[in-house]
Amino acid sequence: MDLKIFFSPIEEEHFAHIKQANSFYKNIKVYTDKMPPYREADIAIIGVNEEAGTEHNKGTAKGSIEIRKKLFNLKKRPRPL
């Protein structure tokens, strides 16, 4: 089954500035131009860009990208020697 019919790639412009090798973003597979291998993944982060029916909660459609901006910038701790 081609999962690309259900998902949209993440726009790289949001994360192009992340260069540090120890960042979360540089250590995961992200769907940008092609679907990453997912069958052996332990976890998947899926955002739903929808706010239909959210009369008092406008702007929730942007929630997943805002979470990714914070999450992808996190750094791994160096392992103790």
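Trainee: Which residues make up the largest nonpolar core?

Mentor: In this predicted model, the largest nonpolar core has 7 residues, namely I10, F15, I18, Y25, V30, I65 and F72. To see how one member sits among its surroundings, take V30, which touches I10, Y25, P36 and F72 when residues up to four places away in sequence are not counted.

Trainee: How many aromatic pairs does a search of the whole structure find, and what describes such a pair?

Mentor: A pair of aromatic rings is described by two quantities, the distance of the centres and the angle of the planes. Here the search of the whole structure finds 4 aromatic pairs. In one of them, the rings of F15 and F72 have centres 4.8 Å apart and planes at 55°, so the pair counts as tilted. This pair links distant parts of the chain, since F15 lies in the segment before helix 1 (63-72) and F72 in helix 1, 57 residues apart.

Trainee: Are F15 and F72 buried or exposed, and which residues are linked into a cluster by ring pairs?

Mentor: Both F15 and F72 are buried, and ring pairs link F15, F24, Y25 and F72 into a cluster.

Trainee: Which residues of helix 1 are buried, and where do they fall when seen down the axis?

Mentor: The buried residues in helix 1 are S64, I65, R68 and F72. Viewed down the axis of helix 1, its buried residues fall within an arc of 95°, so they line one face of the helix. The face of helix 1 turned away from that buried side carries the exposed residues I67 and K70.

Definitions and conventions. Residues numbered from 1 in each chain as written. Predicted model: local features only at pLDDT ≥ 70, side-chain atom pairs only at ≥ 80, totals over all residues. Heavy atoms only, no water. Phe/Tyr/Trp six-rings, centres within 6.5 Å; stacked < 30°, edge-to-face > 60°. Helix = DSSP H or I, 4+ residues; strand = E, 2+ residues; numbered from the N terminus. Buried < 20%, exposed > 50% of the residue type's maximum accessible area, 1.4 Å probe, protein only. Arc of directions from axis to C-beta. Core = buried A, V, L, I, M, F, W, Y, C linked by side-chain atoms within 4.5 Å. Contact = heavy atoms within 4.5 Å.
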